[in-house]
Amino acid sequence: MTLNITYKAFVVTEMPDGSFQRSTGYRTTEDLPHKDLLIKVHYSSLNYKDALSATGNKGVTRRYPHTPGVDASGEVITSIDDAFSPGNMVMVTGYDLGMNTSGGFGQYISIPSTWALRLPGLMTPWEAMAIGTAGFAGALSVQKLMDSGIRPDDGEILVTGTTGGVGSHAAVILKKEGYQVVALSLGGKDTAFLERIGINRILTTEDLVDKMEKGLLSSRWAGVIDSVGGPVLVSALKSTKYGGVVTSCGNVAGASLSGLTVYPFIIRGVSLLGVASAESPLELKTRIWQKLSTTWKPCELWDRVKEIYLHELEKHIFQMLEGKSSGRIVVNIKDS
Ligand SMILES: NC(=O)c1ccc[n+]([C@@H]2O[C@H](COP(=O)([O-])OP(=O)(O)OC[C@H]3O[C@@H](n4cnc5c(N)ncnc54)[C@H](OP(=O)(O)O)[C@@H]3O)[C@@H](O)[C@H]2O)c1
């Protein structure tokens with residue numbers, strides 16, 4: 001059945017002079033690709049990738065006009081896959097949603113059914129988006145560390161970007177699992193929050209980053225969960241203990257690993273593991289979201305979630321790109 005529904009969406013347009021403009025306007029479901037599921041979006045969330053897409057980063061989004069939003073939760077309206085029925089509550093994080101497929105910053109999305117997860121029974125559509133891609137990536141990073149055999153007795157775990165989406169979720173989950181967590185926090189802002197979630201110590205960038213360009217630094221960490229990259233990740237690798245594990249999932253402080261040598265790997269046996277949450281197999285996503293809805297549910301972070309409407313997105317996109325955001329942003333799509 002083809003429905004032609006007019007809906008509200010945040011749309012990014014490329015102008016003839018190469019600049020990008022953002023506005024909230026109307027589209028119709030006929031504008032969407034005709035995929036297996038048509039979903040009425042209730043909530044989305046703002047992730048770093050959305051901020052890049054909304055400002056014309058062609059590494060994220062090749063074609064404009066475009067509606068970003070890598071996350072969405074909501075209700076199935078039509079399905080050609082028997083696994084889903086109208087009225088089912090589902091969530092989508094990652095794959096191509098919001099990149100080159102019209103994303104969660106619109107009131108409707110149309111997607112392949114292989115991208116959709118049934119919302120776990122103990123999770124609301126709002127909670128799923130309060131966690132979103134960033135929280136899922138934090139959880140996946142912790143899972144990788146645990147699967148690599150790093151145990152709470154092995155020593156301290158360094159989490160970088162700890163007041164951000166990925167870092168705050170990773171820190172809270174590590175604490176639930178009994179690890180000692182040291183936070184690297186850029187500006188030392190939000191210290192009260194870090195203390196409240198039980199962070200054992202807080203470092204500034206100056207405490208960690210090596211300016212002498214040594215091949216190795218003093219051994220400090222049993223594991224590292226990094227979401228900032230650049231010189232921070234380089235110094236974290238150089239200061240990881242023998243047999244330690246470092247996960248990498250972001251680049252807000254830079255994409256280059258300049259100054260890194262092979263010594264952390266060939267002298268200390270350090271492992272560097274990549275985290276690419278968007279393309280995680282559905283089975284893994286299901287397993288991690290099940291934990292996020294039960295034993296790993298990050299209720300400690302709910303009071304740092306800000307709920308906004310579509311017309312408020314632009315301001316928050318620029319705050320995120322300037323490193324001025326803290327906590328997660330849930331976008332209320334259904335009431336926008
Ligand atoms: N690979 C994946 O699957 C995946 C999934 C989600 C996100 N990501 C990536 O992970 C990164 C973080 O995402 P997010 O959602 O957590 O972003 P976010 O909420 O904006 O948090 C980033 C945090 O990094 C710290 N930071 C910002 N600028 C920095 C700088 N120049 N140097 C050092 N630290 C800095 C800040 O925390 P403090 O003030 O506490 O230091 C900030 O809160 C992004 O690059 C994003 O694209 C990757």
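How far from an oxygen atom of the ligand does a backbone N or O atom of G164 lie? Keep that in mind as we walk through this predicted model.

**Stop 1: the ligand and its pocket**

Select the ligand to begin. The ligand sits in the largest pocket. Now show what is around it: 26 residues surround the ligand, and the closest are T163, L186, C249, V275 and S277. Colour this shell by class and you will find 13 nonpolar, twelve polar and one charged residues.

**Stop 2**

Next, pick T163, G164 and V166 and look toward the ligand's oxygen atoms. In T163, an N or O atom of the side chain is 2.7 Å from an oxygen atom of the ligand. With G164, here is the answer to the opening question: a backbone N or O atom lies 3.4 Å from an oxygen atom of the ligand. At V166, a polar backbone atom is 2.8 Å from an oxygen atom of the ligand.

**Stop 3: helices and domains**

Now switch to a cartoon view and select α2 (125-147) and α3 (165-176), each of which supplies at least two residues of the shell around the ligand. Which of the elements gives the most to that shell? Look at α2, which contributes three residues.

Zoom out and colour domain 1 (6-119 + 305-332) and domain 2 (135-277) separately. Both domains give residues to the shell, so the ligand lies between them.

**Stop 4: two backbone details**

For the last stop, leave the ligand and look at the backbone. Most residues other than glycine have a negative phi, and most peptide bonds are trans.

The peptide bond from Y64 to P65 is cis, with omega near 5 degrees.

Then select Y95, found in the loop between β5 (89-93) and β6 (108-111). Although Y95 is not a glycine, its phi is positive, at about 50 degrees.

Technical notes:
Residues are numbered from 1 along each chain as its sequence is written. This is a predicted model: local features need pLDDT of at least 70, side-chain atom pairs count only at pLDDT 80 or more; totals for chains, interfaces and linings use all residues. Side-chain values use heavy atoms; hydrogens and water are left out. A residue is near a molecule or strand if one of its heavy atoms lies within 4 Å of it. A polar contact is a pair of N or O atoms within 3.5 Å; within protein, one must be able to donate a hydrogen and the other to accept it, and residues adjacent in sequence count only if both atoms are side-chain atoms. On a 1 Å grid over the protein atoms alone, a cavity is a set of points where a 1.4 Å probe fits but cannot get out, and a pocket is an open set with protein on both sides within 12 Å along at least five of seven lines; lining residues have an atom within 4 Å of a point. A molecule sits in a cavity or pocket if more than half of its atoms lie within 2 Å of its grid points. Helices (H or I, at least four residues) and strands (E, at least two) are DSSP runs, numbered from the N terminus. Ala, Val, Leu, Ile, Met, Phe, Trp, Tyr, Cys and Pro count as nonpolar, Asp, Glu, Lys and Arg as charged, and the others, Gly among them, as polar. Domain bounds come from an automatic or database domain assignment.
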